[in-house]
Structures are given as structure tokens and as C-alpha cells.
Amino acid sequence: MIDVLLIHPPVDIEPKNVLKSLISPYLVGYGLLHIASYLKMMGYKVEVWNIPVAYAYGYNLEDIKALIKYHDPKLVGIELNWLHFSNGSMELVKVIKKINPNIKIILGGVHATIFAEEIIKNYPLIDAIFIGESEATILDYIQNLEKGLPLTEVPSCYIRNNDKIILNKNRKVLPIDEIPPYSLSIVKPKQKESFNIGTINTTRGPCSGICPYCIGSRKNYPLMIGSREKLELHSPEWILEQLELLIKDTHNIAIQDYIYCAPKKHIMEIFNFLKNEKITGLIEYFNIAGKPNSFDKETLSLMAKTGVDNIDYGVETGSNSTLKILRRGYTAQQAVDTIDLTVKCGILPKTYWMVGLPDEKDLSETKNLIKQTIEKGGFPRWVTPLIILPGTELFREAIKYHISIKMNTYNDFMKFSTTKINKNAWYPDVITHTTNFMEINDILKATNDLKDYILSFKEKIMSIFQKNLQQYFNLHENVTSSLIMLRMKRILSTLKYTLF
Ligand code: B12
Ligand code: SF4
């Protein structure tokens with residue numbers, strides 16, 4: 001018997017549908033893994049299961065039921081962090097309660113947080129939904145459960161108490177460096193290294209930016225998540241400890257949180273520290289998220305010397321007026337300059353683009369910027385329709401932004417879970433809104449049109465990339481030319497068929 005079973009759920013309870021998921025289902029959120037590490041550190045017996053990977057390895061639903069019966073946990077925590085897991089999570093709840101109605105089932109993660117009240121009201125088998133960060137609060141829940149103390153005293157969560165639903169609005173989070181780093185080896189079944197990216201969580205709390213569509217903006221975060229007052233950063237020592245744990249299982253490392261919004265001084269401190277430790281020689285792929293204009297020459301050069309070999313830049317659009325409406329804090333020209341500088345510093349810049357943005361009439365300015373960034377060595381990675389989540393400023397003030405919201409409820413968003421992938425990349429059911437200039441079909445057409453536009457430069461993108469390779473290899477001795485070319489070709493070959 002174990003104490004806690006933490007589950008990364010399937011998109012669909014039927015194993016045969018695992019390959020048909022609209023958005024890739026295999027990745028476990030590190031939030032769940034930090035919770036697992038913390039509970040283990042506090043002496044609890046914990047298992048983490050990745051059901052989509054189990055399905056891909058040939059497990060069936062009966063195997064999953066057998067697993068639950070065998071472990072007979074007191075508590076099951078289901079990760080509902082991303083919108084495409086909503087259907088599978090709810091199905092899984094039914095399966096578990098049928099095996100043993102006494103097992104407590106709790107949910108948490110960003111998507112569960114956004115729709116917490118609606119979910120707990122409509123799904124009576126769920127015992128509690130946790131809001132925002134949950135290491136400290138889950139510990140309270142288990143301890144109260146064991147001691148027979150009232151669960152309604154657990155902070156930051158909706159609790160079902162007999163027929164009533166109670167929200168305890170108090171907050172409780174751990175001091176940031178007391179959250180233990182996680183190890184990928186905690187997850188079962190074990191994944192092949194090529195699938196494993198060890199993502200380091202360097203920050204918690206709201207970003208300093210105010211992009212109206214982002215749940216992390218300092219305007220949206222307090223209303224939607226609210227776990228911390230301001231952006232907090234892990235210390236360089238903690239980050240090194242996390243990195244050392246991750247490279248036991250993978251040589252692919254990423255930082256995808258709001259580090260790019262942290263003050264330069266902190267970013268420099270972290271990378272200087274890692275560079276001196278020389279650990280980065282063991283890394284083959286080191287990816288980081290960024291926004292145009294967020295890193296200067298000194299920072300980029302230091303990152304490159306520390307092993308960072310590619311940066312994901314959310315450029316989003318080439319329209320200066322839309323960039324202003326979205327309060328992105330850079331112009332189209334600054335985006336070009338950022339790409340140029342990144343290449344010169346020996347890092348590969350990948351660019352991300354969005355469609356369906358407020359006040360965007362046609363995409364000629366975006367096409368123009370895509371072309372300019374390609375010429376400087378930018379590698380277009382993703383084109384995706386904007387998803388407007390309930391609670392964000394764009395959602396709350398839709399009229400001001402000339403937007404008409406089409407998806408409001410948890411059930412509406414379940415379409416991200418039930419829609420199957422198709423060859424034409426045509427998904428009208430998951431477009432969340434229309435704009436003053438674009439209906440649903442226009443957003444889809446424009447997305448596909450941008451992808452075709454990018455692919456018309458395929459040869460040019462690869463030849464510029466090849467030209468820049470020498471500069472790149474000088475700094476990244478672990479990356480071989482065949483590996484990197486394969487990676488880049490794969491990006492271009494999947495661009496057309498991936499939407500989110
Ligand atoms: C880092 C990140 C990623 C990384 C994740 C790496 C990893 N292994 O986790 C990468 C780049 C891979 C990623 C991918 C995607 N992401 Co993302 N990501 C983020 C980001 C920017 C930061 C997360 C973070 O660092 N938070 C700090 C950590 C520690 O907190 P946390 O993850 O929320 O975990 C805490 C709580 O949520 C809770 N919790 C989590 N799980 C559980 C489980 C239980 C049982 C309980 C009780 C509690 C609990 O406790 C945790 C610890 O305190 C968030 C924005 C945000 N602010 O959340 C978007 C965000 C979560 N991502 C989002 C999206 C849409 C995606 C993608 C679908 C994008 C795409 N088109 O592919 C994919 C889906 C990934 C998948 N599974 O297939 C959306 C989710 C919106 C939604 N409602 O679903 C967000 C909110 C961004 C946004 N649009 O504003 N993402
Ligand atoms: S800068 Fe990035 S993280 Fe910050 S509010 Fe804007 S999109 Fe969100």
C-alpha cells in the first residue's frame with residue numbers, strides 16, 4: 001500500500017485514442033513532480049504514473065485498474081494542468097471511485113485552478129480541488145486526513161464537505177528554495193531519453209509583464225492563481241542541484257518559465273554560477289524561453305558559454321500596433337535586432353507566432369517580419385491561434401479589445417480534449433474567439449496560410465542555418481551537426497500539422 005498516487009492523466013480513457021490527441025499528451029508537468037518530491041521528503045510513500053506513456057507502451061485500462069488496486073492509495077492526485085486533459089481526467093475519476101469509493105481524489109494544476117468552482121460543482125466524485133501552488137497545501141490535506149482533523153482547514157482549496165462545497169481562501173506556499181528539486185526517475189513507466197526533457201523551474205509567482213492574454217501577467221495572476229505576491233527566483237545553488245538531478249536521466253535541458261522577465265542581475269548571477277561549475281559540458285540541448293528584447297549582448301554571450309544553444313522567442317506578430325495593444329514591450333524592428341544578436345552570440349533563435357490577435361486585419365506585416373527574421377537566422381518553430389482563457393484580461397474586457405468570446409465554460413474547453421488530430425489541421429471547435437476582422441474560419445485559414453508561407457522558405461531557412469553552424473559549434477561542442485540538422489528538419493516537417 002502507498003500513501004499517495006499522483007497521476008498524469010490520459011486525454012482519453014481509451015488507450016487506442018492516445019495517438020489521436022490534438023496536443024501531445026506525454027509530458028508530465030514539473031509542478032506535479034515537485035509535489036511528489038516534497039511529499040517523499042516529508043516521509044510519505046508516493047508513486048507518480050504517466051498514463052499516456054503507459055498506454056503508448058501497451059498497457060490497457062485493465063492494467064491501470066490493477067495498478068490502482070495493487071497500490072490501494074489513501075489519496076489520488078490527478079494533474080489537470082493543461083486544457084487537453086480535461087476529458088480523460090474526469091473519466092479516470094469515475095474509474096478510481098468504482099474501484100474503491102473511499103479513496104480520496106483531488107485535482108490541481110493550472111486548468112483545474114481556472115475552472116475549480118465549476119468542476120467541483122459538476123463532478124460530485126471529486127473530493128477537493130487545489131488552487132495554484134500545492135506542495136504545502138497537499139501536505140496539510142494528508143496530515144489532516146490521517147489525524148481526522150477537518151479538511152476544510154486546508155488553505156487554497158475547494159473541499160467537498162458532505163453536501164456542501166467550501167472554499168478556504170487562505171494561502172500557503174513554501175519559501176521558494178525549500179521546494180525540493182525533482183528527479184525524472186520518479187515517473188513510471190520510465191521514458192526513453194529522447195522523449196525526456198528535463199525542465200527546470202527557476203521562478204514562481206507573477207511575471208512583471210502585463211500581456212493581457214497571459215495568466216502569468218501581474219494583472220491576471222493575482223485574480224487567476226494568486227499563490228505569490230511577486231516573481232520569486234530560485235537561488236543559483238538550487239538551480240544547480242536541480243540540473244544535477246536532471247542530467248542523471250537526460251542530456252536535454254530547458255527553462256520555460258518567466259526567467260526572461262527577471263532582472264538582468266539575477267539572470268547573470270545564475271548563468272555565471274552554472275558556467276563556473278562546468279556541469280553544462282554534459283548537456284546536449286539547452287533551451288530557454290524568451291521575449292524579443294529581453295536579453296542583451298552580455299547576457300546572451302554568457303548563456304551561450306554556459307551551454308544554452310537555442311532560445312524560443314515569442315515574437316507573436318509583425319504588427320507594431322498589435323504589439324502595442326498586447327503590451328509586449330518591443331517593436332518589429334527590435335525583434336529583428338534580437339534575432340540578429342542571438343545568432344551572433346552563437347545561439348539558435350526559434351520564433352513563435354500567433355494568429356487571431358486583437359485588431360489584426362491581415363498578416364502582411366507578420367509575413368514581412370517572418371521573412372526578415374529568417375534572413376537574420378531565425379528559425380520559425382510554431383504558428384498557433386491565440387487561446388483566450390477565462391479570467392484573463394482579454395476575456396474580461398473582450399469588448400474593449402473588439403473580441404467576441406466563443407468558449408466560456410469547462411465543458412466548452414473540453415473540446416481541446418475530445419477533438420482528434422486531423423491531417424488538414426482544421427479545428428473550428430477549438431477556436432476560442434473571433435475578432436473585429438477575423439471569424440473562426442479566417443483564423444484557421446490565416447494560421448495555415450502563415451505556415452505555408454514559412455515553408456515556402458524551407459531551403460533558405462536550412463541554408464542560412466547551415467551557414468551559421470560554425471559559429472554555433474564553436475560554443476556547443478556536444479551538439480553534432482547530424483543531430484542538429486535532424487532536429488531542425490523535424491521542426492519544419494511537423495510545423496504544418498501541429499496547431500497548439
Ligand atoms: C513551463 C510551462 C510549460 C513547459 C512545461 C514543462 C513541464 N515539464 O512542466 C512546456 C514548455 C513543456 C509547456 C507546454 C505546454 N503548455 Co505550458 N506553461 C508553462 C508555464 C509558462 C510556467 C509553469 C510554471 O513554471 N509554473 C510554476 C510551477 C511550479 O507551477 P505549476 O506548474 O502550476 O504547478 C503547481 C500547481 O499548478 C499545482 N499542481 C500542478 N499539478 C498538480 C496536480 C495535483 C494533483 C495538485 C493537487 C496540484 C497540482 O501544484 C504545483 C506545484 O506548486 C505556464 C504558465 C503558468 N504561469 O503556469 C504555461 C501554461 C501552464 N502552459 C499552457 C499551455 C497551453 C501549454 C501547451 C498546451 C502549449 C502547446 N501549445 O503545446 C503545452 C502542453 C504540454 C503538454 N503536457 O503536452 C497554458 C495552460 C492553459 C490551460 N488552461 O491549459 C499555460 C497556463 C500558459 C498560458 N497560456 O497562459 N508549458
Ligand atoms: S512577458 Fe511573457 S510571461 Fe510576462 S506577461 Fe507577457 S507573455 Fe506573460
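Glycine 216 touches Pro206, Cys207, Tyr221 and Tyr258, leaving aside residues up to four places away in sequence. The model in which these contacts are found is a predicted one. Glycine 216 lies in the loop between β10 (203-204) and α8 (221-224). Because its relative accessibility is 1%, and buried means under 20%, glycine 216 counts as buried. A further point of reference is leucine 231, 15 residues apart from glycine 216 along the chain; the C-alpha atoms of the two are separated by 9.7 Å.

Eight strands make up an open sheet with mixed pairing, and their order is β7-β6-β5-β4-β3-β1-β2-β8. Its edge strands, each of which pairs on one side only, are β7 (164-168) and β8 (187-188). Within the sheet, strand β3 (residues 75-79) pairs with strand β4 (residues 104-108) in the parallel sense, over five bridges. Leucine 75, for example, has lysine 104 of β4 as its bridge partner.

The helices may be considered in pairs. Two packed helices are described by the angle between their axes and the distance between the axes. Helix α3 (residues 61-71) packs on helix α4 (residues 86-99) at an angle of about 50°, and their axes are 10 Å apart. Roughly parallel helices have angles under 35 degrees, and roughly perpendicular ones 65 to 115; α3 and α4 are therefore oblique to each other. Their crossing is right-handed. Lys65, Ile68 and Lys69 of α3 make the contact with Val95, Ile96 and Ile99 of α4.

A second pair is formed by α13 and helix α14 (residues 364-375), which pack at an angle of about 20° with their axes 9 Å apart. Since angles under 35 degrees count as roughly parallel, α13 and α14 are therefore roughly parallel to each other. The crossing in which α13 passes α14 is right-handed. On the α13 side the contact is made by Ala332, Gln333, Ala335, Val336 and Ile339, and on the α14 side by Leu369, Gln372 and Thr373.

Helix α13 itself (residues 332-344) has 13 residues. From its first C-alpha to its last, α13 reaches 19 Å, close to the 18 Å expected at 1.5 Å a residue. An α-helix has 3.6 residues a turn, so residues three or four places apart point the same way. The buried residues of α13 are Ala332, Ala335, Val336, Thr338, Ile339, Asp340, Thr342 and Val343. Just after α13, glycine 346 adopts a positive phi of about 90°.

Key
Residues numbered from 1 in each chain as written. Chains lettered and ligands numbered in written order. Predicted model: local features only at pLDDT ≥ 70, side-chain atom pairs only at ≥ 80, totals over all residues. Heavy atoms only, no water. Pairing = 2+ DSSP bridges. Helix = DSSP H or I, 4+ residues; strand = E, 2+ residues; numbered from the N terminus. Expected span 1.5 Å × (residues − 1). Buried < 20%, exposed > 50% of the residue type's maximum accessible area, 1.4 Å probe, protein only. Axes fitted to C-alpha atoms, helices over the stretch in contact; angles between N-to-C directions. Parallel < 35°, antiparallel > 145°, perpendicular 65-115°, else oblique. Left-handed = near helix turned anticlockwise from the far one by under 90°. Contact = heavy atoms within 4.5 Å.
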